[in-house]
Amino acid sequence: MQSLTRSTPRLLSRRLLTLRPQQFRCASRYSSPNARPSTLVAPTEPFTFRTPDASLAIPNPEINPYDAAALRTAALEKRRYHLQRMRFAGIGLVLSLLMTVGVVWNVDLDQMGPVEGTGKKIGGLRADAPSGAGETFQGKEVKVLGRGEGKKILAKVEGEEGEVELVETGTSSVPHFPRTIRLPAAAGEEQYTLLGLGIRTVSFLSIQVYVAGMYVRTADLSKLQAQLIHAVNPMASTLIPSEQESLRTALLDPTRSAELWQSILSASPEIHTAWRVVPTRNTDFAHLRDGWVTGIGKRTAEARQLAAAAPAPPAGQVKAISQYEAEDFGLAMKGFMSLFAGGKAPKGSVMILSRKGNGVLDVWFQEKAPSGAPDESSVAKAGSKTEVKLLGSVGDDRISRLIWMNYLGGEKVSSEAARKGVAEGCVTFAGRPVGSGEGMVS
């Protein structure tokens with residue numbers, strides 16, 4: 001035992017001398033990979049970065065593959081880059097789907113043109129038929145005479161002598177509007193002449209909602225002519241080309257158009273006008289009503305802002321209440337909205353808003369005429385499926401004036417295309433001598 005005890009220190013000293021320095025070094029979290037706090041494992045290949053040019057991918061020599069913080073930052077940047085690309089791809093996919101749905105929703109396959117070189121029928125028309133042949137207007141065959149500026153589109157209408165001239169609208173959903181219509185009156189019927197029309201669209205996809213056309217009672221055309229001409233030149237009986245351009249500019253200017261139409265609607269009670277609205281897709285009364293109510297709300301809000309900006313009255317006087325804040329106006333609005341309770345407005349049906357000389361608003365509706373039925377440009381016989389029905393009337397002239405102004409004057413209108421169409425019609429009538437407007441109606 002004593003000899004073994006004495007030899008033990010010698011053996012240990014020899015063993016220590018034979019150990020390598022690496023084996024003798026104490027382990028630490030910096031020398032041992034397993035003791036490091038980071039769980040990231042050094043990649044076998046250096047991390048690859050994508051340069052601004054997506055076609056180039058080169059290793060970044062600045063990154064230490066054993067630097068945990070640098071690797072973590074690089075991973076976050078790479079994740080952020082791919083997430084951004086995923087967002088852009090998702091947005092592109094959604095926009096593509098929306099545009100596809102918008103195109104499919106707006107294309108009317110029944111009205112698509114023919115395919116040349118085939119004898120097949122598309123939408124009820126022969127594919128080898130000439131342009132305009134086989135078309136119908138509310139169940140009546142359409143005839144196209146002439147071409148270019150002398151082109152005329154005619155349709156036979158029951159109850160009318162001869163044929164009614166049609167005007168192209170620019171959409172295949174509702175391709176034509178009648179040049180003249182007849183509305184019920186106290187002494188039978190009265191003829192109205194088309195002044196201009198346009199398509200109302202909504203959203204950035206320009207989805208078509210309806211076609212709206214403004215009509216003027218034919219007997220009042222000379223009165224409207226005088227108002228338009230004297231608004232530019234009080235001493236003239238007709239407008240020369242430069243004055244016609246001034247009138248066009250005024251009718252399209254937000255401020256001047258509002259002033260001009262306000263004076264015409266307020267100072268000319270003898271002029272009877274009407275708006276003919278034809279939906280381009282199936283809808284209902286509530287949808288049409290909400291559009292007009294929204295327009296009225298915007299106009300009244302503008303009037304309230306102007307009233308609020310007016311100077312305060314002298315001490316002791318109460319500020320006057322706006323005409324649109326009075327109780328009777330609220331009751332008139334409720335009466336107007338109640339006219340559209342329930343009811344469907346299918347594609348091709350007709351809604352007419354007529355304004356009498358005293359500002360009374362009449363709302364008319366007519367179902368879409370089936371094939372072979374009378375056309376809506378004349379009053380249908382009693383008991384007919386396409387009979388023009390009076391939904392009701394609103395006696396407050398502020399309602400009709402605000403609806404008219406929402407189409408004709410101000411910065412934002414319901415249909416800019418309709419305002420431009422009406423402006424062109426006004427310029428055309430103003431370019432003729434006063435009293436010749438009735439003669440322009442065929």
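**A first look at the chain**

Mentor: This is a predicted model. In the chain of 442 residues, 36% are buried.

Trainee: What does the secondary structure of the chain come to?

Mentor: Ten helices and 18 strands.

Trainee: And contacts in the chain: of those between residues at least 6 apart in sequence, what share joins residues at least 24 apart?

Mentor: That share is 63%.

Trainee: Switching to the surface. How much accessible surface does the chain have?

Mentor: About 26,200 Å². Carbon and sulfur atoms account for 57% of that.

Trainee: Now the inside. Which residues touch the most other members of the largest nonpolar core?

Mentor: Trp-292, Ile-399 and Ile-403 do. That core has 53 residues.

Trainee: Take Ile-399. What is it in contact with, leaving aside neighbours within four places in sequence?

Mentor: Ile-399 contacts Ile-296, Phe-329, Ala-332, Met-333, Phe-336, Leu-361 and Val-394.

Trainee: New topic. Where is Thr-300?

Mentor: Thr-300 sits in helix 7, which covers residues 285-309.

Trainee: Is Thr-300 buried or exposed, and why?

Mentor: Buried, because its relative accessible area is 5%, and the cut-off for buried is under 20%.

Trainee: What does Thr-300 touch, not counting residues up to four places away in sequence?

Mentor: Tyr-324, Phe-329 and Leu-402.

Note on methods. Residues are numbered from 1 along each chain as its sequence is written. This is a predicted model: local features need pLDDT of at least 70, side-chain atom pairs count only at pLDDT 80 or more; totals for chains, interfaces and linings use all residues. Side-chain values use heavy atoms; hydrogens and water are left out. Helices (H or I, at least four residues) and strands (E, at least two) are DSSP runs, numbered from the N terminus. Buried means under 20% relative accessible area, exposed over 50%, partly exposed in between (1.4 Å probe, protein chains only). Contact means heavy atoms within 4.5 Å. Accessible areas come from the Shrake-Rupley method with a 1.4 Å probe; for residues, only the protein chains shown count as cover. A nonpolar core is a set of buried Ala, Val, Leu, Ile, Met, Phe, Trp, Tyr and Cys residues joined through side-chain atoms within 4.5 Å.
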